[in-house]
Amino acid sequence: MKYSGSGVLLMAVGDIYINRENPKTAFRGMLPLFKDKDILFGNLETTLIDEQLPAMEGRVAPMMANQKMIKGIVEANFDLVSLANNHTTDYGPSGLLKTIEVLDRNKILHIGAGKNINEALEPIIITKNNFRIGFLAYEATVWSFGGDAKKEKPGIAKINVNPLLPFPQVAKEDLVGMAQHIKNVKTTVDTLVVSLHCGAELTTTLAPHQKSIAHTAVDSGADIVIGHHPHVLQGVEVYKEKVICYSLGNFIFDEEFFYPGETIIFKAKISFTGMKISFIPVFLNDKGNLEPLEGSERKYKEILRKVVELCQDLGTKIDEATGELII
């Protein structure tokens, strides 16, 4: 995975939920870190709706934020977000469509959800420096029941997981469908990034379905897999010389339950000769604000050390001084 010459700098972050008086403050401390990016990607873990809508029956902790919160995402210059998660359908098809509308108005690209299953599966392809990077997103949790997109129904690109299914507890037909779709999209791009929303919340332990889905994605053509949903950092695996980040944790998440917190920015320099992967530790303070850290700071070293330890169980090595993935 060597990197040389001109290419594309991709930066990816974890879960995003902005719900504050001034949304433009959400990423203010991160702007210097983002300034060199070519593509900035994250997981939008909420609906964006102004009026009160009824939550879907049975949804646990439904997520809603005012549409003005989009200003924070625009201020940080995000290029695209994933909507393939268990909260973007909390308020039914109407809530999802209103979220898509505000993203479209503000020229924020989105993947993993749409007016129907074809839109939910539609890849986003971004061309930078004559390099084509494709993005797909899938949701695979037990919390999004009723949220899957159909031929004539808005929703998310869903992979069914269920503890009653045989190990690894993933619907085989959904894995086969995902694999074929990834294979088809990979023929149209130079690098393919797949976002997966799966795993168990608030634990660093990987669930059986996480590895199964991530490995299937790589086997089918994914070059980078970016995981969300656990709300905490999980390990990074190098599988068949491709990179799987099982969970980047929360990035900005405006619920006091998650303060303070630790997160990382995934950074990939991608060219026709390979990739150079590194991780930037970031601290979410007790006020809910993101703080950039210097490499010499104790907190920087603590977070990076935690990532190193999480990766050791997966046989992955990360340089503790630079945060660079060692292949």
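Okay, let's start with Glu-302, which makes a salt bridge with Arg-298, their closest N and O atoms sitting 2.4 Å apart. By salt bridge I mean a side-chain nitrogen of Lys or Arg within 4 Å of a carboxyl oxygen of Asp or Glu. Before going on: this is a predicted model, where local features need pLDDT of at least 70, side-chain atom pairs count only at pLDDT 80 or more, and totals for chains, interfaces and linings use all residues. Residues are numbered from 1 along each chain as its sequence is written, and side-chain values use heavy atoms, with hydrogens and water left out.

Back to that pair. Glu-302 and Arg-298 are four residues apart in helix H7 (residues 298-312), so about one helical turn separates them. Helices here are DSSP runs of H or I with at least four residues, strands are runs of E with at least two, and both are numbered from the N terminus. Arg-298 counts as exposed because its relative accessibility is 60%, while Glu-302, at 32%, is partly exposed. The cut-offs: buried is under 20% relative accessible area, exposed is over 50%, and partly exposed is in between, with a 1.4 Å probe and protein chains only.

What about Lys-37? Lys-37 bridges to Asp-79, with the closest N and O atoms 2.7 Å apart. Lys-37 is in the loop between helix H1 (31-34) and strand S2 (39-44), and Asp-79 is in the loop between helix H2 (70-75) and strand S5 (80-82), so this pair ties together parts 42 residues apart in sequence. Are these two buried or exposed? Lys-37 is buried at 12%, and Asp-79 is buried at 18%. Compare Lys-35 and Asp-36, whose closest N and O atoms are 3.4 Å apart in their salt bridge; both of those residues are exposed.

Next, helix packing. The axes of H5 (residues 172-186) and H6 (residues 208-220) come within 8 Å and cross at roughly 30°. Those axes are lines fitted to C-alpha atoms over the stretch in contact, and angles run from 0 to 180 degrees between N-to-C directions. On the H5 side, the contact (heavy atoms within 4.5 Å) includes Leu-175, Met-178 and Ile-182, and on the H6 side, Ile-213, Thr-216 and Ala-217 are among the residues involved.

Now the backbone. Most residues other than glycine have a negative phi, and most peptide bonds are trans. Which bonds here are cis? Phe-167 to Pro-168 is cis, with omega near 10°, and Pro-168 is in the loop between S10 and H5. Tyr-259 and Pro-260 are also joined by a cis bond, with omega about -20°; Pro-260 is in the loop between strand S15 (250-253) and strand S16 (261-271).

As for phi, Asn-130 is not a glycine, yet its phi is positive, about 65°. Asn-130 is in the loop between strand S8 (124-128) and S9, and is exposed at 70% relative accessibility. Lys-240 also has a positive phi, about 55°. Lys-240 lies in the loop between strand S13 (236-239) and strand S14 (242-245), and is exposed at 56%.
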